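Thanks, everyone. Please bring up the structure on your screens, and I will walk you through it.

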Amino acid sequence: MINIYVSGVDPVFYRDIELISALFFEDVKVTDESGTGDFSLHFTIEGGNPIGVSVTLTDPNKMQQWHASHQRAVKSDEQGKEYRKRVKQAVSHALLQVLQESTGIRQPWGILTGVRPTKLLHTLLLDGKPMEEAEQILIRDYQLHPEKIELLKEIIHRQTTVIPDLYELNKEVSLYIGIPFCPTKCAYCTFPAYAIQGRTGSVEGFLAGLHEEIEAVGEWLKERNLPVTTIYFGGGTPTSITANQMDSLFKKMKNSIPSYGRVRELTVEAGRPDTLDEEKLDLLKRWKVDRISINPQSFKEETLKLIGRHHTVKETLEKYKLARRMGLNNINMDLIIGLPNEGPDTFRQSLDVMEELRPESLTVHTLSFKRGSVMTQNKQKYTVADRDETGEMVRLAREWAKKMGYVPYYLYRQKNILGNQENVGYAFPGEESLYNIIIMEERQTIIGLGCGAVSKIISPMTGRIKRWPNPKEPQAYINTYRRHLTGKLKVLDEAYGAEVCKI
């Protein structure tokens, strides 16, 4: 844990200072207790227009100091919350500069620490900014590097091409179905995922509750004449349950969701190849599933064992080829940059395998040390890629995708992501996941059903977002799903009101 003593700035900015500092150091804690820090930061803030911020970083152990300053113009009508936002930006800019100077590390995403940088660019364009002006804002206000801005521009163009009505999607909703079971839990995972062995009672009880949720939400959609854009089965690994259980779920969806036959996209994550067989793949084909995921994460046998994926590289390749033979023609695969003991050479080998397979889409994740994962709790056991190696692998992925004819179509970032990089979905043009675009850009309500599913309810009148989580653990879900369902429907009613049928 690195403690940074901060002075000269309102405590309201401590969290922002902590987030920026965490881009450079692991396990950072900001303190205002004098003499307790490994480093000290002293800010001087001059109000008015422009706002002026200067900062001095002191390393008492090395007896060194670094200085930086930043000025931020303020519009005449910006007061209160808006004025404080400008002060925050100036503080963040000055802090980023002094930390880059002292460490020699350049942050590709500038001062951005949020999940959705693409949403920021969408917002600027929706506010009427021409693309050139939006680019300048990203450079001036957020310090983004040019290669990241180019990536955002490509993604925005692709998204609005694939979903021309992206900005009008509040007239519909999407559904997420959370199945919380997996063969085993991966070391890096914090999703609701519970080993399915020995959980027969939990599985049946969970599915009974899920069926009831689907039926109730279907009634709510019917009453309000709301169509469904996409349906996404995630988890966990949805294909961990039996073929008969999956078949019953599809029947319940078809009978309960009024616009089921007009859904634009139906996706089922079959991420673990050890959950697939001919019977399940035939079922997915018969139910006209548009898109599935078969996720290797790595093509190195030792890595799969180390991260707790109890399948082999051979099994991944065999199940992929089986899915192809059975007529599933939109398959996504995932790779993770920076898994333990994997560097650029190993990643190149994985891309060589992908070149042979040519899935319709490839999602390239950068490893993130998520709070609560086995890997995070036992960091000393895992040797992962450093900042430079991570950046090299991100660059390799982008160059490879371009060479192979894939285009980037969605992007998101996470806390504690290696090298302060990103996760990018690449696809052949026309094979992009609509659900992935919708959930990242927050353009419509996504109603979550099942374990660990979070409903993101976006009012079509105000645009305000309300989250409503379901319990993550199967038994907790079984015990409380009716209470959570009642609450969720109430929040949906509040967001949509009587006007929904007129949308």
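Start at tryptophan 220. Is it buried or exposed? Its relative accessibility is 4%, so tryptophan 220 counts as buried. The cut-off for buried is under 20%. Keep in mind that this is a predicted model.

Now look at the partner of tryptophan 220, which is tyrosine 496. Their ring centres sit 5.5 Å apart, and the planes meet at 85°. Planes over 60 degrees apart count as edge-to-face, so that is what we call this pair. Tyrosine 496 has 1% relative accessibility, so tyrosine 496 counts as buried as well.

How many aromatic pairs does the whole structure hold? The search finds 14. There is also an aromatic cluster, made of Phe181, Phe206, Tyr477 and Tyr481.

Next, how confident is the model? The average pLDDT over the chain is 91. At least 70 is reached by 93% of the residues. One stretch to flag is residues 499-503, where pLDDT stays under 50. The model gives that stretch 8 contacts beyond four places in sequence.

On to domains. The assignment gives three entries for the chain. Domain 1 covers 2-105. Domain 2 comes in two segments, 166-290 and 433-502. Domain 3 takes 295-329 plus 331-430. Between the C-alpha centres of domain 2 and domain 3 there are 25 Å.

Now a sheet. It is open, it has 5 strands, and the order reads E2-E1-E3-E4-E5. The pairing is mixed. Which strands stand at the edges? They are E2, residues 28-31, and E5, residues 64-72. Each has a single partner strand, so one side of each has no neighbour in the sheet. From one strand to the next, the twist averages 20°.

Take E4, residues 51-59, beside E5. These two run antiparallel, joined by 9 bridges. Leucine 57 faces tryptophan 66 of E5 across that pairing. Then helix H2, residues 80-103, packs on the sheet. H2 touches E3 (39-46), E4 and E5. The direction of H2 makes about 145° with that of E5.

E17 spans residues 454-458, and E18 spans 465-469. They pair antiparallel over 5 bridges. Serine 455 has tryptophan 468 in E18 as its bridge partner. How covered is E17? Mostly: 4 of its 5 residues are buried.

Last stop, leucine 169. Leucine 169 lies in a loop, between helix H5 (146-162) and strand E6 (173-179). Its relative accessibility is 0%, so leucine 169 counts as buried. What does leucine 169 touch, beyond four places in sequence? The contacts are Ile163, Thr229, Arg264, Ile438, Arg443 and Gln444. Compare isoleucine 336, which is 167 residues away along the chain. Its C-alpha and that of leucine 169 are separated by 31 Å.

That is the tour. Over to you for questions.

Terms used
Residues numbered from 1 in each chain as written. Predicted model: local features only at pLDDT ≥ 70, side-chain atom pairs only at ≥ 80, totals over all residues. Heavy atoms only, no water. Domains from an automatic or database assignment. Pairing = 2+ DSSP bridges. Axes fitted to C-alpha atoms, helices over the stretch in contact; angles between N-to-C directions. Contact = heavy atoms within 4.5 Å. pLDDT = per-residue confidence, 0-100. Buried < 20%, exposed > 50% of the residue type's maximum accessible area, 1.4 Å probe, protein only. Phe/Tyr/Trp six-rings, centres within 6.5 Å; stacked < 30°, edge-to-face > 60°.
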